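Biologist: I'm new to this one, so let me ask how you know what you know. Can you put the structure up?

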Amino acid sequence: MEKLIGVVLMLIFSLVAWAQSVEEESSWATRSVVQKKETEITNLHFYFHDTVSGKNPSVVRVAQAASTNKSPTLFGIVMMADDPLTEKPDPDSKLVGRAQGLYGSAGQQELALIMALNFGFVDGIYNGSSISLLGKNPALQPVREMAIVGGTGVFRLARGYAIAHTYWFNATTGDAIVQYNVTVVH
């Protein structure tokens, strides 16, 4: 019986020591149990104005490969954007935010932009909040879907998707107005 008690005590001491070592090893992270809040779904509708031409473009070329200008898809080009987001397609309509980030041509056979943009809002209850878009944009397709992968402010811990439709495109200058319908779960 004494041997059994000794084995049980040894097992208990070993488990306590193991638990303490696990706690020490993971001291860089803490877990909290929180009550679930109700999930909100927000639908946003706005227009993205991507202006490459003129005296004050909202998007500029920041890098390219040596072969980019020979490529029919401009493969290898990287653009930096600070585009206005408006309530309507008219560039003079109400400003609701700005799209800031970058995109580049990642397709050799098709025009496929990889986009990493932050949509920062400046109006209403969303003022100061943002959502982050990341994904492939096959820009010549009539409808494109990209992922919403995060957010700040009202949209903290956001996820969702954005549907883009080209509203207007000038093939000579590269300027475009794109309609976005975004569904955000937060």
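Biologist: Which residues line the second largest pocket?

Modeller: This is a predicted model, by the way. The lining is made up of Lys37, Glu38, Thr39, Gly153, Val154, Arg156, Leu157, Arg159 and His186, and the pocket's volume comes to about 210 Å³.

Biologist: What makes a residue part of that lining?

Modeller: Lining residues have an atom within 4 Å of a pocket point, so Lys37 and the others named with it count.

Biologist: How do the lining residues of the second largest pocket divide into nonpolar, polar and charged?

Modeller: Two are nonpolar, three polar and four charged.

Biologist: On to the strands. Why do you say that strand 1 and strand 3 pair?

Modeller: Pairing takes at least two bridges, and strand 1 (residues 41–50) and strand 3 (residues 78–86) have two, so they pair. Their sense is antiparallel, and Phe48 has Leu85 in strand 3 as its bridge partner.

Biologist: How many bridges does strand 3 make with strand 2 and with strand 4?

Modeller: Four bridges join strand 3 to strand 2 (residues 59–63), and nine join strand 3 to strand 4 (residues 95–105). At least two are needed, so both count as pairs. Both are antiparallel. In the first, Val60 stands opposite Met80; in the second, Ala81 is bridged to Gly101.

Biologist: Which members of the largest nonpolar core touch the most other members?

Modeller: Of its 30 residues, those are Phe46, Phe48, Met115, Phe119, Ile131, Tyr180 and Val182. Buried means under 20% relative accessible area, and a core is made of buried residues, so Phe48 must fall under that limit.

Biologist: What does Phe48 touch, beyond residues up to four places away in sequence?

Modeller: Among them are Asp83, Pro84, Leu85, Ala99, Met115, Phe119, Val178 and Tyr180. Contact means heavy atoms within 4.5 Å, so each of these has a heavy atom within that distance of one in Phe48.

Key. Residues are numbered from 1 along each chain as its sequence is written. This is a predicted model: local features need pLDDT of at least 70, side-chain atom pairs count only at pLDDT 80 or more; totals for chains, interfaces and linings use all residues. Side-chain values use heavy atoms; hydrogens and water are left out. On a 1 Å grid over the protein atoms alone, a cavity is a set of points where a 1.4 Å probe fits but cannot get out, and a pocket is an open set with protein on both sides within 12 Å along at least five of seven lines; lining residues have an atom within 4 Å of a point. Grid points are joined across faces, edges and corners, and a volume is the space filled by probe spheres set on the points. Ala, Val, Leu, Ile, Met, Phe, Trp, Tyr, Cys and Pro count as nonpolar, Asp, Glu, Lys and Arg as charged, and the others, Gly among them, as polar. A nonpolar core is a set of buried Ala, Val, Leu, Ile, Met, Phe, Trp, Tyr and Cys residues joined through side-chain atoms within 4.5 Å. Buried means under 20% relative accessible area, exposed over 50%, partly exposed in between (1.4 Å probe, protein chains only).
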